[in-house]
Amino acid sequence: MSWFSLITGRRDTKTATRDAIVTLRQQLSMLEKKEEYLKKKIDEETAKARHNSVNNKAVAMAALRRKKAHEEQMDKISGQRFQLETQMNTIESANLNAETMQAMKKGSDALKAIHGNLTIDKVDTTMEAINEQRQIANEISDAISNPMANGMEIDEDDLKQELAGLEAEVLTSTLAAAGHVPVHSPAGKAPPEAIPEEEDQEEAQLKELQAALAM
């Protein structure tokens, strides 16, 4: 089926639906007018029968017969009007359903166009690639921000020994500036014995200096 035929068919369906509803409403309007006319005639025949019920019973009976005929015709018209109203409501409901389905179809087509060739597998693959690249970026950032991570192995014992040597140099310089130089002997040899009074004085000054540096 061509697009032209499809579009033409939709237009023909809409036109037929509209024409049917218009025709039904026109017929309903005509039946309502007929009902109003019959009601009027029933009222007239009822009044005529009441007026002649005593003096002219034959006229009264004829009026009642005509009244009964009008009532029967009115009942038929009422049934026809009910059928027309039901059919019109059914057509309007069906037309509303069709328009709703067309709107939903357009929405579905729009979603298909938006998603295109996108599938859940492709989404999962893309998210895995994003997470992988994010992890690589974090690792690179950590490597750049850590200047010590350049393949060098640091010996903590060497650092502590170097720090102790620096501390000894600072203490020696400070004491030398004060005129009291402690005697240092080579490693592995015992220092010479000093005079007890001078040793106590130097030890006291050394403790004061260490306390001052620790502050």
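Student: Is Glu-71 buried, exposed or partly exposed?
Tutor: Glu-71 is partly exposed, because its relative accessibility is 25%. Buried means under 20% relative accessible area, exposed over 50%, and partly exposed in between, with a 1.4 Å probe and protein chains only.

Student: Where do these numbers come from?
Tutor: The model is predicted, so local features need pLDDT of at least 70, side-chain atom pairs count only at pLDDT 80 or more, and totals for chains, interfaces and linings use all residues. Residues are numbered from 1 along each chain as its sequence is written, and side-chain values use heavy atoms, with hydrogens and water left out.

Student: OK. Which residue forms a salt bridge with Glu-71?
Tutor: Lys-67 does, and the closest N and O atoms are 2.6 Å apart. A salt bridge here is a side-chain nitrogen of Lys or Arg within 4 Å of a carboxyl oxygen of Asp or Glu.

Student: Which other residues of helix 2 are buried?
Tutor: Besides Lys-67, the buried ones are Ala-60, Ala-63, His-70, Met-74, Ile-77, Leu-84 and Met-88.

Student: Back to salt bridges. How many are there in the whole structure?
Tutor: A search finds seven. One of them joins the side chains of Arg-81 and Glu-35, at 3.1 Å from N to O. That pair links distant parts of the chain, with Arg-81 in helix 2 (residues 57-115) and Glu-35 in helix 1 (residues 3-51), 46 residues apart.

Student: And is Glu-35 buried or exposed?
Tutor: Glu-35 counts as buried, at 9%. Arg-81 is partly exposed, at 22%. Arg-81 and Glu-35 also belong to a network of salt bridges with Glu-85.

Student: What about Glu-45 and Arg-66?
Tutor: Their side chains meet in a salt bridge, 3.1 Å from N to O. Glu-45 is in helix 1 and Arg-66 in helix 2, 21 residues apart. Glu-45 is buried at 5%, while Arg-66 is partly exposed at 34%.

Note on methods. Helices (H or I, at least four residues) and strands (E, at least two) are DSSP runs, numbered from the N terminus.
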